[in-house]
Amino acid sequence: MDFAFTEEQQFFKKIITDTVDRMVVPRAREIDEKDEFPWELWKEFTRLGYLGLRYPEEIGGMNADPVTAMIFYEQIARGSVGFAQSVIMNILMGTYFVYRFGSQAIKERCLYPAMRGEKIATMCFTEDQSGSDLAATRTTAVKDGNEWVINGTKMWITNGPHADIATVLATTDPSLGAKGLNFFLVEKGTPGFSPGQILDKLGCRGTVTGELVFDNVRIPEENLLGAELNKGVEYLAEILDEVRVMTAAMAMGIAQAAYDEGLEYAKKRIAFGKPIGTYQLIRAKFADMATEMEASRLLIYSAAWKIKEKLPSRLEAAMAKMFATETCLKVVDEVTRIWGANAFANEYNPQRHFRDARFLLYGGGTHEILKDFMGRMLIGK
Amino acid sequence: MDIIVLVKQVPDPEALVEIGASGKDLNIEPKFAVNLFDEFALEEALRIKEKHGGKVKALSLGGPKAMEALRTAIAMGADEAVLIEDDAYAARDGYSTALALFKALEKETFDIILTGRQAIDADRGEVPQMVSQMLGLPHVGVVVKLDISDGKAEAVSSLEGAKEVVEVALPAVFTAQKGLNEPRVPLITGVMKAMKVQIPKLTIEDLGLTKDMAAPENSKTQIVRYLPPKKRPAVQLIPGEAREAAAEAVRILVDIERVI
């Protein structure tokens, strides 16, 4: 049994860590404060080519395996989780179905520019009455001649207001529930497709999240992203585990950023004539945080390895997402205690990590849903 | 314009360093980085290549971990890299390092050798000058600007409070100072190339040197012992009016600390 990263993965980790330290970390606070899409950083960072991380080299990607991709997700989230969400949306969910099912013309128009950062991608699942419960999706796609007509409103769409290309979940037959779901490609500029309300969020600021409105949006037949009709849920299952483990990796990124701040503070802050890190109760916090972060990473990277090896990973991915996110929530909380009242001041970073961590509770499945799902897998229906 | 960049893998500036029990060695946390000044050298080499053509080759002496520094060089845009792999030899004094690098450089063709003004671990800043001496080449140190044309270079050296402009015929050795440039962030295409590349290794014997030359007693300099830096005392606040406080500060510096 070999738990080590390969020499190549270790090198990749070093490079992406340095890159994030140089390009993202110094801007993280400003991104959070302004809560605007960081266009300048987007251009500088995407120029490096990371948006093609998962895709084959022949089309300009890096062909990174899931373990290597998790290293990337963890590091970029350590830098700024707001920025990371925008980047990862282009890398994974926002382009996967375009890559998997798009025609060559669609790929040239949408996928390749999205891999270069010239187009911003998004995926639209959530609605005001549906999130984890996909079968409740009310956005409809109706065939009219050789076109599909999309109607509905999507909420909580990462990159939504700036999206050039949107992969939209819609039902072609509401009576079929989840079995009537399909993905459709909608491009910016299509009549009837428009951004709605932008959400003012507690954390993950800087990634612009909002509503997308589809009002009689007519798209060509080939914009159905699927080899067969009504297989949307099956296609989604192809990346579901990866999305969950990615969320877990992002949680470890936030946790690591907070932990590093806590460690530095514990060594420097003097109380009663000694650094607070010399007191047992503070030391105990680091022992617990480091142990749970290590356990989280073992779950994350073993689940990523299973995905890479095409082994069953549904349970492990859910476990990793839940455990790493809960660990992250504990770490950001403990760091605010280590920092004392300074953690409550907006001029320091611990409050940002504390706010950012909350969002990961919901993306990739709430923990209530995940526990129910895991319980069903373990006990049976 | 063929350029060779001498690169050293050094402990990460944030790595923990402790003096070993013997007092003659250091226990360093295994976190590594490319020597910062060598990154400036590498960036300058790449810029010269982009302007004048040619190739950039990175050369390092070190243990197996030094491979990472060379991969970083490839990721940034170097065409080739070579590692002289010998932990023990690399741990010796600057002369031994310079000798090994010289032996490797003798087999190469180049117009320019670029390297950092010093390595940020031992901070001795002696290897580049020794290499240039052994090669019989001119050396310009602490360079903050470098222009190449017509087989010669005009280099601006940073002196204390001044600058010196030096013209030198190529081939020559230059050492990079902070301010020369801003090293680039590698593109993913470079990272991918670096992840896959097979970097050739040379042994000390390949260079015509022998292992016993690596024995510590054969070093030209010997480390007698390491001393930890003096512990910084707590900040002393001098109360009172500015004029009296300043006079008291001078008194402490002159009479007690004896630093002025």
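Me: What covers the buried residues of α5(B)?
Reply: The cover includes α4 (94-105), β8 (112-116), β9 (139-149) and β12 (172-176) of chain B. Before going on: this is a predicted model, where local features need pLDDT of at least 70, side-chain atom pairs count only at pLDDT 80 or more, and totals for chains, interfaces and linings use all residues. Residues are numbered from 1 along each chain as its sequence is written, and chains are lettered from A and ligands numbered from 1 in the order in which they are written.

Me: Which residues of helix α5 of chain B are called buried?
Reply: In α5 (residues 127-135), they are B:Val127, B:Pro128, B:Val131 and B:Ser132. Buried means that 20 or more other C-beta atoms, placed from the backbone, lie within 10 Å of the residue's own.

Me: What puts them on the same side of α5(B)?
Reply: Their arc around the axis is only 130 degrees, so they share a side. That arc is taken from the directions from the helix axis to the C-beta atoms.

Me: Why is α10(A) called roughly antiparallel to α11(A)?
Reply: The axes of α10 (residues 314-339) and α11 (residues 350-359) of chain A cross at roughly 155 degrees and come within 9 Å. Angles over 145 degrees count as roughly antiparallel, so that's what α10(A) is to α11(A).

Me: Which residues of α11(A) make the contact?
Reply: A:Pro350, A:His353, A:Phe354 and A:Ala357. Among their partners on α10(A) are A:Leu329 and A:Trp339. Contact means C-beta atoms, placed from the backbone, within 7 Å.

Key
A residue is buried if 20 or more other C-beta atoms lie within 10 Å of its own, exposed if 12 or fewer, and partly exposed in between; C-beta atoms are placed from the backbone. Helices (H or I, at least four residues) and strands (E, at least two) are DSSP runs, numbered from the N terminus. Two residues are in contact if their C-beta atoms, placed from the backbone, lie within 7 Å. Axes are lines fitted to C-alpha atoms, for helices over the stretch in contact, and angles run from 0 to 180 degrees between N-to-C directions. Angles under 35 degrees count as roughly parallel, over 145 as roughly antiparallel, 65 to 115 as roughly perpendicular and the rest as oblique.
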